[in-house]
Amino acid sequence: MNKRPEIEEIKARFPESYVRDEEFRGDISIVVRKERIFDIFKFLKEDENFLYDYLVDITCIDYLKLNEIERFAVVYHLYTHKNNSRIRIKALVPEKDTVISSVCSLWKGANWMEREVFDLFGIEFIGHPDLSRILTPDDFIGHPLRKDYPLKGRGERENFKVVK
Amino acid sequence: MGIENLLKSNILVTTVDAVVNWGRKYSLWPMPMGTACCAIELMSTLASRYDMGRFGAERLSFSPRQADLMIVAGRVSIKMMPVVIRIWEEIPEPKWCIAMGACASSGGVFDTYTLVQGIDQFIPVDVYIPGCPPRPEGVLDALVKIQKLVEQDSIKKRK
């Protein structure tokens with residue numbers, strides 16, 4: 001079965017970033033390293049053949065205890081109106097260096113989604129205009145969707161500021 | 001023509017408490033603190049089929065300053081709880097509170113870092129309604145229980 005042209009293009013243009021690709025029920029995922037992630041998105045968005053103009057979602061996976069190369073993966077879902085097709089990019093982020101470049105300058109909708117990933121997983125997005133917490137309270141400490149965060153918290157639900 | 005004859009046929013003697021509480025209990029103005037799915041059941045209770053208006057509590061007060069009953073319907077997170085406390089304090093005395101559903105009463109299934117495990121840790125709750133979500137009959141039952149509490153209220157007790 002022929003692979004989708006996006007996979008071949010990314011393999012050819014970013015050989016040092018490409019890790020592997022997966023397909024599940026017709027949807028493809030490309031696992032890449034995080035270093036040139038911005039260039040990959042710029043290519044996918046601006047190349048005449050693809051024109052991935054819509055960023056559907058940004059989310060994150062914590063691979064703690066799951067044999068993955070790195071601990072985290074930031075997952076980007078893209079959609080192209082031109083070809084009516086979808087692609088998923090997983091950017092591997094190591095535990096020691098939880099930094100990745102922001103894609104806000106490509107898609108404005110990335111702003112709040114990156115803030116959510118920062119808030120809940122502690123991934124830092126370089127170049128984000130206002131990287132602050134979006135869901136948890138401003139004085140919250142820690143990133144609660146990491147798999148090593150205790151489910152019942154560290155006393156947040158007993159001790160919090162009361163508005164007077 | 002003595003005033004005694006008029007007294008016999010036109011005047012009832014009672015206490016201020018009885019009259020005030022009688023009026024108050026049939027005209028409760030609930031403040032809906034609807035944060036989740038319980039609020040949908042609360043809306044259903046107010047609508048035509050169950051009709052909370054039959055008990056005199058159909059006028060929801062979206063300003064806490066005119067309310068006298070707060071119905072906390074739904075889960076309250078640690079980010080929301082300061083707001084709930086503030087709204088509770090803005091309600092003038094006398095006031096009553098209903099914790100509607102498992103989440104408001106105890107945290108329910110959400111035994112997690114972000115959810116307050118029962119609003120009674122921070123504000124005084126008069127009536128708890130069990131259920132996830134409770135049926136509208138449960139809300140009406142709680143309202144009748146609040147009315148019984150209103151009956152026991154007294155001007156003397158308050159400062």
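In this predicted model, P133(B) lies in the loop between β4 (127-129) and α6 of chain B, and a cis peptide bond with omega of about -10° joins C132(B) to P133(B). Helices (H or I, at least four residues) and strands (E, at least two) are DSSP runs, numbered from the N terminus. Because the model is predicted, local features need pLDDT of at least 70 and side-chain atom pairs count only at pLDDT 80 or more, while totals for chains, interfaces and linings use all residues. Residues are numbered from 1 along each chain as its sequence is written, chains are lettered from A in the order in which they are written, and side-chain values use heavy atoms, with hydrogens and water left out.

**Backbone features**

- Most residues other than glycine have a negative phi, and most peptide bonds are trans.
- R25(A) has a positive phi, near 50°, and is placed in the loop between β1 (18-24) and β2 (27-33) of chain A. Its relative accessibility is 77%, so R25(A) counts as exposed (buried means under 20% relative accessible area, exposed over 50%, partly exposed in between, with a 1.4 Å probe and protein chains only).
- N84(A) also has a positive phi near 50°. The residue is in the loop between β4 (72-80) and β5 (85-93) of chain A, and at 55% relative accessibility N84(A) is exposed.

**Interface between chains A and B**

- 14 residues of chain B are in contact (heavy atoms within 4.5 Å) with 19 residues of chain A.
- The two chains bury about 1500 Å² between them, 65% of it on carbon and sulfur atoms; buried area is the accessible area (1.4 Å probe) that two parts lose on being put together, summed over both. I78(B), K79(B) and Y113(B) supply 46% of the area that chain B buries against chain A, more than any other three residues.
- The interface has 1 salt bridge, formed by D111(B) and K152(A), with the closest N and O atoms 3.1 Å apart. A salt bridge is a side-chain nitrogen of Lys or Arg within 4 Å of a carboxyl oxygen of Asp or Glu.

**Helix α3 of chain B**

- In helix α3 (residues 38-46) of chain B, C38(B), A39(B), L42(B), T45(B) and L46(B) are buried. They cover an arc of only 105° around the axis, which puts them on the same side of α3(B); the arc is that of the directions from the helix axis to the C-beta atoms.
- The elements covering these buried residues include β1 (30-34), β2 (69-73), β3 (96-100), α5 (101-106) and α6 (136-152) of chain B.

**Salt bridges within chain A**

- Over all chains, the count comes to 20 salt bridges.
- E16(A) and R36(A) form a salt bridge, with the closest N and O atoms 2.8 Å apart. E16(A) lies in the loop between α1 (5-13) and β1 of chain A and R36(A) in the loop between β2 and α2 (37-46), so the pair ties together parts that are 20 residues apart in sequence.
- D97(A) and K34(A) meet in a salt bridge (2.6 Å, N to O). D97(A) is partly exposed at 36% relative accessibility, whereas K34(A) is buried at 8%.
- R133(A) forms a salt bridge with D119(A), the closest N and O atoms being 2.6 Å apart. R133(A) is buried at 14% relative accessibility, and D119(A) is buried at 0%.
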